[in-house]
Amino acid sequence: GEVVIGGYDIFQDAAQAKKLIGYLPEQPPLYLDRTPREYLRFVARAKGIPEKRIPGELDRVMTVTGTLDVADRLMKNLSKGYRQRVGIAQAVLGDPEVIILDEPTASLSVKEIETLFQIVRKLKAEGVGFIIVSHKINEIYEISDRITVLRDGHLILKGAETATLAQDDLIRAMVGREVNDLYGAGMDIPKLDWKNEPVVFEAKNITDQNNYVKDISFQVHRGEIAGFSGLVGAGRSELMRAIFQADPRNGGTVMVDGKEVAGTSIKSSISAGLGLVPEDRKTEGLIQELSVLKNIGLAKLADQGKMLLNNKQEEADCYDMIRQMEIKTANIDLAVKSLSGGNQQKVLLAKWILLNPKVLIIDEPTRGVDVGAKVEIYNLMNQLKKQGIAVMFVSSEMPEVLGIADRVIVMCDGRITGEVI
């Protein structure tokens, strides 16, 4: 193939061409033990920006991305929203003619998305072109001029004008079929009346060590889907990790079926019937180099604590989950990193569903997946509800929260500030 930027062929004149490209991957390789200023200085030098220009260039990109106020704090102490903005800042460094943003809004609040789009529009007016990879249809229509659709590695739709492309046609191109019931409201699944079901989960006075979560208490009923909403930095993910004991707590207790979760480890949470699908599936949820088979069996292996595996049972479990979750994979020995984002997410869900948990926590259930996979995940959540499993999920997409949740719990600044039923 051929890729030409600013008259330079990226395969023939790589050094010159790469100077004209800014790139933000879906999972930017940020150095968590460095400050944003240190990280951006390193990137600026790597891009060949003259040393004398670097201080002014850093101030410019940190100002436009709203990161100047945290420029000298360690990255590991910043929220995911701020880290994403630092990643956007490094893509803007220099004078790129084209900036590629891969799922740039995944960790951003509505206000932060508006800020990002303002930056995009300003740079666009100055002649900078953008290639934005996104599964968020509303954002695609808001920011793009033309839309191209890829599905299963094939070009399905090329450069259609956004203003004249009907949303139904876009979804059909993305999914390959009609999608008439996004949130599963019309599913032929008799649902439990969760209000009349017993309380299966209770958090009492949960506080985490970093003070992102402050004295939080709430209950969830059997067969209830409870959605947690709030801006980035509200403490939603931190609350879920503290409940599951993925991060240490400063205080508080967790009850499952009226019994306090004993111990202070992830293992004790699993044994009590809790499961956690983390926000970052690539680094926290799955082991990318391991096979689909091994990833699906990880939680069960940890729960049983056995050194010797029953290979036949492990394979049977894996095939059962693949059928149940409709996971698309050539074979069970394929490395999970080779799967699409939607299928990776389904492998991660399968890992926990295999344990038949009483309470399943899902942090950003559909981040980075296409519309078709979203429908399948929503249907799965409704099926879990039917089975009497309590589902708690965090989402930054308000239509998703309102569409799938029985009850919405609103958080702000580490506290619960309201509920909507």
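**Strands and overall shape of a predicted model**

Visitor: In strand β13, which residues point the opposite way from Leu 274 and Leu 276?

Guide: This is a predicted model. Strand β13 covers residues 274-277, and its residues are buried whichever way they point. Leu 274 and Leu 276 point one way, and those pointing the other way are Gly 275 and Val 277.

Visitor: Which residue of β14 is the bridge partner of Leu 274?

Guide: β13 runs parallel to strand β14, residues 359-363, and four bridges join the two. Leu 274 belongs to β13. Its bridge partner in β14 is Val 359.

Visitor: How many helices and strands does the chain have, and what does the globule rule give for 421 residues?

Guide: The secondary structure comes to 16 helices and 17 strands. The radius of gyration is 23 Å, close to the globule-rule value, so the chain is as compact as a globular protein of that length. For 421 residues the rule gives 22 Å.

Visitor: What share of the contacts with a separation of 6 or more joins residues 24 or more positions apart?

Guide: Along the principal axes, the C-alpha atoms fill a box of roughly 65 × 45 × 45 Å. Buried residues, those under 20% relative accessible area, make up 48% of the 421 in the chain. Among contacts with a separation of 6 or more, the share from residues 24 or more positions apart is 66%.

Visitor: How far apart do the centres of the positive and negative side chains lie?

Guide: The accessible surface is about 20500 Å², and carbon and sulfur atoms hold 50% of this area. The chain carries 53 positive and 58 negative side chains. The centres of these two sets are separated by 3 Å.

Visitor: Which residue in the turn between β16 and β17 has a positive phi?

Guide: Strand β16, residues 407-412, runs parallel to β10, residues 225-229, with four bridges between them. With β17, residues 415-420, β16 pairs in the antiparallel sense over five bridges, and Ile 409 has Glu 419 as its bridge partner there. β16 and β17 form a hairpin with two residues between them, and the turn residue with a positive phi, about 55°, is Asp 413.

Notes
Residues numbered from 1 in each chain as written. Predicted model: local features only at pLDDT ≥ 70, side-chain atom pairs only at ≥ 80, totals over all residues. Heavy atoms only, no water. Buried < 20%, exposed > 50% of the residue type's maximum accessible area, 1.4 Å probe, protein only. Pairing = 2+ DSSP bridges. Rg over C-alpha atoms; globule rule 2.2 N^0.38 Å. Contact = heavy atoms within 4.5 Å. Areas by Shrake-Rupley, 256 points an atom, 1.4 Å probe, with all protein chains shown as cover. Lys, Arg positive; Asp, Glu negative; His and termini not counted. Charge placed at Lys NZ, Arg CZ, Asp CG, Glu CD.
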